[in-house]
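Here is a walk through one protein model, from single elements up to the whole chain. Please keep the sequence and the 3D view at hand while reading.

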Amino acid sequence: MAERGETQDGSERARLGGAVEPPPGAPPGTVRVVTGTAARQVNDQEAQDFGISTERICLEIEHVFYDADDDVLRHTITVDFSGQPYVTRHVPTPEELAHRE
């Protein structure tokens, strides 16, 4: 991603006395959200799937929601093809979380 910045971190939460809340729709237990955005060319598969040109620019927005143990609660990527948003989400299973080192 071109830009990446934490929207909430422990120091900000502590400074505000716990008043910082995760955004609406965040999974329960979310304590930190990392967001990144990038403009990029539409790839060949997207062009075929959506019937658009590879000459087109799309906006990709990524949100990763973390819990207090830094485990990923949900990873969401939204690609906006000029008014045609397409969202993919991955929620780790308990087995995937158990295998993290």
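Two strands count as paired if DSSP finds at least two bridges between them. In this predicted model, strand E3 (residues 57–66) and strand E4 (residues 72–80) are joined by eight bridges. The two strands run antiparallel. E3 and E4 form a hairpin with five residues between the strands. In this hairpin, aspartate 70 takes a positive phi, near 65°.

Read from the N terminus, the order of the elements is β-α-β-α-β-β-β-α.

Helix H2 covers residues 44–50, and glutamate 46 lies in this helix. Is glutamate 46 buried or exposed? The cut-off for a buried residue is under 20% relative accessible area. Glutamate 46 has a relative accessible area of 12%, so it is buried. Leaving aside residues up to four places away in sequence, glutamate 46 touches Arg40, Gln41, Gly51, Ile52, Val79 and Phe81.

The last step is the chain as a whole. Of its 101 residues, 31% are buried. The protein chain exposes about 6,600 Å², and carbon and sulfur atoms supply 51% of that area. Among contacts with a separation of 6 or more, 45% are between residues 24 or more positions apart.

Methods:
Residues numbered from 1 in each chain as written. Predicted model: local features only at pLDDT ≥ 70, side-chain atom pairs only at ≥ 80, totals over all residues. Heavy atoms only, no water. Helix = DSSP H or I, 4+ residues; strand = E, 2+ residues; numbered from the N terminus. Buried < 20%, exposed > 50% of the residue type's maximum accessible area, 1.4 Å probe, protein only. Contact = heavy atoms within 4.5 Å. Areas by Shrake-Rupley, 256 points an atom, 1.4 Å probe, with all protein chains shown as cover.
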